[in-house]
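Here is a short report for a first look. Take a moment with the sequence and the structure before reading on.

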Amino acid sequence: MNLKSLTLPELAEVLKELNQPSFRAKQVYTWLHKGVRDYDEMTNLPKSLRDTLAEKYPICAPKVVRRQQSARDGTIKYLWELSDGNCVETVLMRYHYGNTVCISTEVGCRMGCAFCASTIGGLVRRLEPYEMLDEVLFTQVDSGLPVSHIVLMGIGEPLDNFDNVMRFLELVNSPEGMNISMRHISLSTCGLVPKIDELAKRRLQLTLSVSLHAPNDAVRDKIMPVNRAYPSEELLDACRRYYQATSRRISFEYAMIDGVNDRPEDAKELLRRLKGLPAHFNLIPLNHVEESPLKPSTKAAVAAFQKTLEDGGVTATVRRTLGGDIDASCGQLRRKYNQKKIEDTR
Ligand code: SAH
């Protein structure tokens, strides 16, 4: 058991069993959520309790294997080694409204999207709640920059690790912990329809981002295998239900791929299909992944696509690419590192 995966009431139970007064739980919780690496840093606890906790529940922290900082925009990318030797990536982006961390939710991914580096080796395992929390905590500790926003857009499919992700959200949102508002959190999914419905039931105020990437099934089937299980019409219906339940506008991600999904007709088709659903589009020029033949759209195609959507009444922003000089699109750093490890052992 890792204490950092526990909610405050659960931690209180653990401390009660150690015959501790109830106020201790909050002290320990607050320290853990500051990212301390050693119980001896918990200076307001008696030494005997620090020793007991250290023996029973060692604090673990991921190790920095690579840390790259963009010379252009200050984006920092971390490659962490987890306690079992697996690696995941976290990216810290600096926006005018605050520092945003993009976290991974799984080691690898089983969704198989054709353009994505994270899925190339498949799913290795899902992250525990404390491991996602650690990504945020230690990015903050290492960079010295306070984190105000979180996006679940790194390696992995958050809704394929549903329970752990829900618990992580509860932890990071807790007033005694990082106290990050749900409105400052975005969760991105490739479109697992039953899980979107499950999420809707929780009525969280986070932003749901849906990786749409295609105007219709013919195109989406080719680049996103998940579409064969949950075709785009079912996905859009789930988005409608999600909006009904939460009153939160859906944010659609759309990676612009040259000659695949970027024609003005594609934008028009999207407009027809989205009718009545409050939506925002994030247009992302495809990040080229070495292993893939897919290429990014031209600037002109992106601009024309954006204009068509906006003329049709759907807001669309072209995502500024941060950290282009440091492999900051997720999955690429881990992939290169793993390949190097394999080469080194040859
Ligand atoms: N599994 C989740 C979240 C992870 S990826 C999801 O699918 O939404 C975050 C976003 O980056 C997704 O929209 C994903 O489709 C997109 N993405 C992955 N590889 C990309 C690439 N090479 N270029 C542009 N966007 C990419």
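## Two domains

The centres of domain 1 and domain 2, taken over C-alpha atoms, are 34 Å apart. The contact between them draws 15 residues from domain 1 and 14 residues from domain 2. The model is predicted. Its domain assignment places domain 1 at residues 3-56 and domain 2 at residues 63-345.

## The area between them

Domain 1 and domain 2 bury about 1,200 Å² between them. Carbon and sulfur atoms give 56% of that area. Three residues stand out on the domain 1 side: Lys4, Ser5 and His33. They supply 46% of the area that domain 1 buries against domain 2, more than any other three residues.

## Salt bridges and polar contacts

How many salt bridges cross the interface of domain 1 and domain 2? The rule finds two.

Five residue pairs are in polar contact between domain 1 and domain 2, with both residues at pLDDT 80 or more.

## The domain 1 side

Which helices supply at least two residues each to the side of domain 1 that touches domain 2? They are helix H1 (8-17) and helix H2 (23-32). H2 gives the most to this side, with four residues.

## A closer look at Glu106

Now to a single residue. Glu106 lies in strand S5, which spans residues 106-108. Is Glu106 buried or exposed? Glu106 has a relative accessible area of 0%, so it counts as buried, the cut-off being under 20%.

What does Glu106 touch, leaving out residues up to four places away in sequence? Its contacts include Val88, Leu123, Ile155 and Gly156. Arg125 and Arg126 are also among them, as are Glu157, Asp160 and Asn161. One of these contacts can be described in detail. A polar atom of the Glu106 side chain lies 2.9 Å from the backbone nitrogen of Glu157.

Glu106 and Glu55 are 51 residues apart along the chain. Their C-alpha atoms are separated by 29 Å.

Key
Residues numbered from 1 in each chain as written. Predicted model: local features only at pLDDT ≥ 70, side-chain atom pairs only at ≥ 80, totals over all residues. Heavy atoms only, no water. Domains from an automatic or database assignment. Contact = heavy atoms within 4.5 Å. Buried area = accessible area lost by both parts, 1.4 Å probe. Salt bridge = Lys/Arg side-chain N within 4 Å of Asp/Glu carboxyl O. Polar contact = N/O pair within 3.5 Å; in protein donor to acceptor, adjacent residues only side chain to side chain. Buried < 20%, exposed > 50% of the residue type's maximum accessible area, 1.4 Å probe, protein only.
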